[in-house]
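Reader: I am new to this structure and would like to learn how to read its features one at a time. Could you take me through it, giving the general idea before each case?

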Amino acid sequence: MPWYFRKSGDFLAISEENVGGGTRFARPILVNYLLSSGSLAMASLSQLVTFALLARSLGPTEFGLFVQVSAVIAVAVQLCGLGASDCLLRTVSREPESYASLLGHNLLLIGLSGAVLVVGGIAAMSSWIRLSSGPAVDALTLTLLFFGNVVLVRVIFLVETVFLSLGRVHAANHAVVGFAVARMATAALACLAFQVSSLSEWALWQCGGNLLYALVGAAWLSPLGRPRFKILREELQAGLLFSSQFVVRAVRSNVDLLVIGLFTPIETVGSYGVARRIMDSSYLSIDALNRLIYPRLARESRGGMHLALPTAKRALIAALALGMTTFAILFMLAPWLPALFGRDYHDLPFFVRCLSGTIILVGAWAAAIDLLGASGRQDARAWILNGANLLGSVLIAGATWLAAPIGTFIALYTIDGTIVVAAWLVLLRFARRSRLQADELARASPLLS
């Protein structure tokens, strides 16, 4: 076993020692969760400070424009790499010797797909901005925004994925926090020291900061070995299925930002965009749990999905508790948010309170969706997420057009509620089938039994 795998000392080593459970198992999981959620909390706080600095410095109009461009970037970054990161996380956590080939596979797909996405994103966004109520954006600004936030950010995310696949949770936490702090430092330097006040100026600063941190990440991974550059064709389908779920979800999550810009002033888009950024950051409690549970679900489900079902059910209870706590905190703090982001964002408290309940529904379906993915049923996971989010995108666009923003909120809750029901029904069906197959195999082979 390679040295970097043996010396992880983190989640994997603890799990193997304590399978069979009880308190000896629960304590390391709790400690790792606290460390993971603590790192994500620091990252989330850094992001909120970054948003606050940008919102104050750019103002509602320029920030609203930034929100609309970011909506398209959020879709593109999920497609960049064609989902190869999931293959790396699943396979390397089981077979560490596959690290070099999977790292090269990821880097090649990021480069090839990123080039297409940057060119396509610039063309699409240039056309869209002409239809909306915001000011124009030049091609250089769009190039910097797309390259810095699609290609470079995907490379940076790959660093965290590598460490998680090797069981080095502490290093993954440092990568997350480091990137968030780097972004905050870039925003602070640009907005406070150099008085950046336009999107074109911020695009240059952001791209430069992401490039610097991507180089740091590359140096961080260099001791683990060189990548073996080769596209693994057998992994392309699973990767596409995996990435399609997040692409469609990103479309659903950002279509409201684009449609609102067609029917409301760009200043309202700014307030709504800040609220959405706050909600994205609030998912950290669920994300911290998922990023620890996913490798474990992959290992436990190797002998059948039903073997990992108890872990998924415990994760559901924990996620619901975390979601309800986050909802209560956001609801109470909403009236004070304009003091942080700027008095010009008048509608921010209303938007945050209306959106805050979605975190509970996300927590309700996250564990089921993760187990489907970790057990290799990317097809079922893709059907659930893609179906709900594709139909949801149409629903959100229509509801926003008819009755923005109340219609938008109703559509968002409807979509997440549908995913909760579908995910658990499909998971329980597959787990029941897996258990029956295991029982039949045991009866057919007394030795195995």
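This is a predicted model: local features need pLDDT of at least 70, side-chain atom pairs count only at pLDDT 80 or more; totals for chains, interfaces and linings use all residues.

Reader: Which side chain does aspartate 370 meet in a salt bridge?

Author: The general idea is that side chains of opposite charge can pair when their charged atoms come close. Here the side chain of aspartate 370 meets that of arginine 381 in a salt bridge, with 3.8 Å from N to O. This pair links distant parts of the chain, since aspartate 370 belongs to helix 15 (residues 358-374) and arginine 381 to helix 16 (residues 378-403), the two being eleven residues apart.

Reader: Is arginine 381 buried or exposed?

Author: Arginine 381 has a relative accessibility of 3%, so it counts as buried.

Reader: How many salt bridges are there in the count?

Author: The count comes to five salt bridges. One of them joins the side chains of arginine 377 and aspartate 379, at 3.1 Å from N to O. Arginine 377 counts as partly exposed because its relative accessibility is 27%, and aspartate 379, with a relative accessible area of 32%, is partly exposed.

Reader: Where do glutamate 300 and arginine 296 lie?

Author: Both glutamate 300 and arginine 296 lie in helix 11 (residues 284-300), and they are four residues apart, which is about one turn of the helix. Their side chains meet in a salt bridge of 2.7 Å, taken from N to O. When reading such a pair, look at each partner separately: glutamate 300 is partly exposed, with a relative accessible area of 23%, whereas arginine 296 is buried, with a relative accessible area of 11%.

Reader: Which residues form the positive surface patch?

Author: The positive surface patch is formed by Lys313, Arg429, Arg432, Arg433 and Arg435. To be part of a patch, a residue needs over 30% relative accessible area and no salt bridge. Arginine 433 lies in helix 17, and helix 17 (residues 406-444) gives the largest share of the positive patch, namely four residues.

Reader: Which residues form the nonpolar patch on the surface?

Author: Leu262, Phe263, Trp401 and Leu402 form the nonpolar patch, and together they have about 470 Å² of accessible area. To see where this patch comes from, look at the helices: helix 9 (236-263) and helix 16 each supply at least two of its residues. Phenylalanine 263 has its place in helix 9, and with a relative accessible area of 45% phenylalanine 263 is partly exposed.

Terms used. Residues are numbered from 1 along each chain as its sequence is written. Side-chain values use heavy atoms; hydrogens and water are left out. Patches are made of residues with over 30% relative accessible area and no salt bridge: like charges are joined within 9 Å, nonpolar side chains (Val, Leu, Ile, Met, Phe, Trp, Tyr) within 5 Å. Accessible areas come from the Shrake-Rupley method with a 1.4 Å probe; for residues, only the protein chains shown count as cover. A salt bridge is a side-chain nitrogen of Lys or Arg within 4 Å of a carboxyl oxygen of Asp or Glu. Lys and Arg count as positive and Asp and Glu as negative; His and the chain ends are not counted. The place of a charge is taken as NZ of Lys, CZ of Arg, CG of Asp or CD of Glu. Buried means under 20% relative accessible area, exposed over 50%, partly exposed in between (1.4 Å probe, protein chains only).
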